[in-house]
Amino acid sequence: MANHELSLAQPRPATGPDLAIVAGVQLGGAALLGAFLLGEKTAVVVALLAVMGAIFALLQLRPGLEERIVSAFRAQRRPALALGVGIVLAYPFFMQGSSYALHLLVIALLYSVLALALNFQLGSANIPNFATGASYGIGAYTSALLALNFGVSFWLTLPVAAVVATIFGFLLGFPSMRTRESYLALVTIAFGIVVHQLLNNFSWTGGPNGLVGIPAPTIFGHSFAQPIEVLGFRLPSQANFYYLSAALVALSILSAKRLHDSRVGLAWNALRADPLAARCQGIDVVWYKMLAFGVDAFLAAFAGTIYAFYVSYISPDNFTFLVSVTIMTMVIVGGMDNTLGVILGAFLLTLLPEKLRIFADYRLLFVGVIVILFLILRPQGLFPQRPRHYGGPQ
Amino acid sequence: MDALVAQHLLNWLVLGSIYTLVALGFSLLFGVLDVIHFSHGDVSMAAPFVALAVIQAVTVTLVPDGGTATLILAILAATLVVGLFGVLVDWLVIRRFRAAPAMMALVATVALGTVVRELIRTLYPQGSNPKPFPALTTEVLRLGEVAVPVFSLIVIFVSVATVAALFWLLNRTPVGLRIRAVAEDRAVARLMAIRPDRIFAITFFIASAIGAVGAVFFASHAGVVRFDFGVQLGLIGFSAAVIGGLGSMQGAILGSLLIAGVDTTVQMTIPDGASYRLVFIFALVILVLVLKPSGVLGKPVFEKV
């Protein structure tokens, strides 16, 4: 461990400023998000958007700032993690019992999972996939059908739906053996449309009306449709699903990190850099491509299952081509192959249309314009991918 | 039965012609600019709305009942306006992604499609509702047992003429030579005193104007138009261009005829075929791409180091 000694020999940087930066960034971010979620007046929302814009302009103009924050987080990994978990756990208590704010959080978290799922493909391996929405739908429909027709419990449908979606994911990955780029993109688009149209036409999926009355899950006798009561606090029933989706996001982040650090992540990055060179290095290109499709579908199905049990009503229109495009936009706007960026992209693109409701009819127009401006002004995404860090001092 | 088959044959040719007009734009833009202009369908779908607006304006201000002459004027105006709109869209957005990775341009043009759709919806009065679109003509020719709508003949004739004009333009005129030169090699074309930017603008004009004609026919064929019709038309046009082989004009025609063939066959043979047509169309797309990864007439891609 020569490297380790080397780093010890250098004077240790003071931990005080690092801790202050970590706490400031995390608490500041949480406060900003909270204000944005609870803000109702047009002026407040616009002002908060301006603040966010200013922050990103600052990061754009002073790249050193971002480096400083990243190095602080790297130095104080454990306190940062502990504080982050604490904030996530305590967050619903600060939502003033607003079930709407919690609902937005649940949806944003589920989209974070979807965006992280797609990130394995688009971000790590640069494989286009416009069918994440379809995998999401397959997961949702599988679990909903199992629960409605056979009374299977939520906890059991979760893995079953994931397996079913993964099988479809591998099937979708099959054409990736030969097709590439735009052609592969079209295969995934076509797959998504076929799935959507079939869900829309089969009678056993409820046709365009979808499936209604999916029962709420229960755990240890506590139904997820009931509010949570802790220490005299009463959280709306959405809080149940908030914690569940937050746990799923945590699982996704963990698997993203483990995969990134494993041979699989390395192989995907090699694929992204140059598929031909990767093949010459002995990487089984086809297998890793199909694996990316499988992992994407697996995680998307989890999100789909939670969504189905959360809203208790699903219809094919929840899983259209445009949903897949939205997920793709989240990954690209957030920053490919950067976990935090992707989650931020998911939050931004979930909350923005909701909060822009104050612009009524023009909201989708605004979202489209903002996405285009983003792609022009900051093409690398909110947080660009970071170079791989192979241990040792930087 | 023969009459029915003839009817479906005619239907196939009409649909194939409409899809071809949209698919050509995708293929042309990809061939010249290496870009997938995903909002091409939405840009084209602006044409019926421009035409409707022109008809409104003419009937209110000039002649109360212009009839066919007004309609033709409106379509010509819409073609011109949408062609210029395509150039504007490129100048505002797409040109900024010339050097970016393909996926960025793809996502940007998807977002652009949303913007175009929403613009149509908010700018056109009551844009959320479907608008009836006047038929070019309702006359029907009777050939024995077969009823041939004159409209179908017009669509087929205009499409064939447009395709012929495009081929003539690309292969027999100085502009076409420049377009092909830029498609071949941008840098070398510049050395030959060709301005790529100007060629890109011309290409966008041609592609959007041809798409506009296709969209007007589509609206006239359906008898109705809504702001979001461009999504499906764009997807089908894109699919046709891809399974034919992106960048190949013949491929776009072939792909469109293939897709229109599946479309009409499914509607003819399968009960409740209308609701399953998209399933079969896109299943065909997947099948073709699995068998021929770069489209039927596309050049096979060789990986180079």
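Modeller: Happy to! In this predicted model, helix α2 (residues 15–38) of chain A packs against helix α3 (residues 42–61) of chain A at an angle of about 150°, and their axes are 9 Å apart. Helices here are DSSP runs of H or I with at least four residues, numbered from the N terminus. Axes are lines fitted to C-alpha atoms over the stretch in contact, and angles run from 0 to 180 degrees between N-to-C directions. α2(A) and α3(A) are therefore roughly antiparallel to each other, a label for angles over 145 degrees. α2(A) passes α3(A) in a left-handed crossing, where the near helix is turned anticlockwise from the far one by less than a right angle.

Who touches whom? From α2(A) come Leu32(A), Ala35(A) and Phe36(A), while α3(A) brings Val45(A), Leu48(A), Leu49(A), Val51(A), Met52(A) and Ile55(A); contact means heavy atoms within 4.5 Å. By class, this contact of α2(A) with α3(A) has nine nonpolar, no polar and no charged residues. Nonpolar covers Ala, Val, Leu, Ile, Met, Phe, Trp, Tyr, Cys and Pro; charged covers Asp, Glu, Lys and Arg; the others, Gly among them, are polar.

For another pair, look at chain B: helix α9 (residues 229–244) and helix α11 (residues 273–291) pack at about 25°, with axes 10 Å apart. α9(B) and α11(B) are therefore roughly parallel to each other, the word for angles under 35 degrees. Their crossing is left-handed.

Residues are numbered from 1 along each chain as its sequence is written, and chains are lettered from A in the order in which they are written. Local features need pLDDT of at least 70, side-chain atom pairs count only at pLDDT 80 or more, and side-chain values use heavy atoms, leaving out hydrogens and water.

Definitions and conventions
Helix = DSSP H or I, 4+ residues; strand = E, 2+ residues; numbered from the N terminus. Parallel < 35°, antiparallel > 145°, perpendicular 65-115°, else oblique.
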